[in-house]
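Reader: I'd like to learn how to read a fold from its coordinates. Could you walk me through it, a feature at a time?

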Amino acid sequence: MTALEFKGVVKDYRGLRPLRVADLSIVVHERVALAGLDVPAAEVFINLATGAGVPDQGQVRVMGEPTTAITEADAWLTSLDTFGIVSHRAVLLDAMTVAQNIAMSFSLSIEPIPSGTRAQVDALAAATDITPEELERQAGAVSGAARMRVHLARALALEPKVLVLEHPTISVERSDVRTLAASIVRATSDRAIAVLALTDDEALAKGLGGRRLKLNAATGGTENWGRVSFFRFLKK
């Protein structure tokens with residue numbers, strides 16, 4: 001089933017040019033890395049995907065339904081449960097432990113974390129490769145990769161159908177990118193979920209092991225990322 005589809009989309013966001021996505025579709029159980037969106041454009045893309053904004057032209061569909069059909073606030077809030085967002089813009093409470101930050105996905109009662117919630121936290125931590133030691137450390141004291149794993153755990157907490165990773169390696173050490181990619185693959189491979197990484201990080205894209213696409217900002221078209229330059233070389 002197609003989880004997310006952009007068709008003929010144009011959105012003016014007062015950048016150098018409008019965001020254009022001519023034809024992009026991602027199915028459940030698929031991982032796609034999409035390059036060519038800078039930080040502002042990636043934010044606009046996510047707003048369109050989640051229905052927080054609507055395109056000036058074209059259509060965005062989520063699980064087969066157009067986002068323009070969402071006309072009430074309650075319906076939009078319900079539709080947001082379809083998505084898990086992993087973003088460098090998301091906030092963690094640095095003075096709280098990693099476990100407490102994950103627990104807040106389920107309850108605001110975190111001192112102490114209720115036993116049932118703690119079991120959910122531990123399961124998510126194990127799924128995303130957060131170590132028991134990291135769980136008990138303050139979120140502000142762990143590495144950039146560990147913080148992204150916390151965001152990943154929180155994004156997966158409510159069993160979304162679409163996981164969007166927004167430039168997730170901006171604050172991650174280069175030596176940690178491949179292992180972070182492996183964690184994302186392990187955490188999502190057994191879930192009925194579509195994974196879309198908005199990233200120009202080739203190491204992350206390769207590590208995810210799915211389709212790699214590059215968006216042409218002028219036309220909105222996509223091409224295979226990592227193969228085009230090789231074929232161009234052969235033609236010289």
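Reader: Let's start with threonine 82: does it count as buried or exposed?

Author: Threonine 82 counts as buried because its relative accessibility is 16%, and the cut-off for buried is under 20%. Keep in mind that this is a predicted model. In the chain, threonine 82 sits in the loop between helix H2 (73–79) and strand S6 (83–87).

Reader: Which residues is threonine 82 in contact with, leaving aside neighbours within four places in sequence?

Author: With those neighbours set aside, the contacts of threonine 82 are Val62, Met63, Pro160, Lys161 and Val162.

Reader: Thanks! Now the sheet. How should I think about strand pairing?

Author: Strands of a sheet pair through backbone hydrogen bonds, in either a parallel or an antiparallel way. Here, four strands make an open sheet in the order S2-S1-S4-S5, with antiparallel pairing. Strand S2 (19–27) and strand S5 (65–66) are the edge strands, each pairing on one side only.

Reader: How many bridges hold each pair, S1 with S2, S1 with S4, and S4 with S5?

Author: S1 and S2 pair over eight bridges, and lysine 11 stands opposite leucine 19 in S2. For S1 and S4 there are five bridges, with phenylalanine 6 opposite valine 60 in S4. Strand S4 (residues 57–62) is joined to S5 by two bridges; arginine 61 has proline 66 in S5 as its bridge partner.

Reader: Which helix lies across S1, S2 and S4?

Author: That is helix H1 (residues 39–50), which runs at about 120 degrees to strand S1 (2–11).

Reader: And what should I look for in a nonpolar core?

Author: In soluble globular proteins, nonpolar side chains tend to be buried together. In this model the largest nonpolar core has 39 residues, and Ile102, Ile130, Leu135 and Leu163 touch the most other members. Elements giving two or more residues to this core include helix H3 (98–103), helix H4 (115–127), strand S7 (162–166) and helix H6 (144–156). H6 supplies the largest share, eight residues.

Reader: What does isoleucine 102 touch, not counting residues up to four places away in sequence?

Author: Isoleucine 102 touches Val121, Leu124, Ile130, Leu135, Val150, Ala153 and Arg154. There is also a second, separate core of 29 residues, with Ala42, Val62, Val164 and Leu196 among them.

Reader: I see Val62 again there.

Author: Well spotted: Val62 is also one of the contacts of threonine 82, where we began.

Technical notes. Residues are numbered from 1 along each chain as its sequence is written. This is a predicted model: local features need pLDDT of at least 70, side-chain atom pairs count only at pLDDT 80 or more; totals for chains, interfaces and linings use all residues. Side-chain values use heavy atoms; hydrogens and water are left out. Two strands pair if DSSP finds at least two bridges between them. Contact means heavy atoms within 4.5 Å. Axes are lines fitted to C-alpha atoms, for helices over the stretch in contact, and angles run from 0 to 180 degrees between N-to-C directions. Buried means under 20% relative accessible area, exposed over 50%, partly exposed in between (1.4 Å probe, protein chains only). A nonpolar core is a set of buried Ala, Val, Leu, Ile, Met, Phe, Trp, Tyr and Cys residues joined through side-chain atoms within 4.5 Å.
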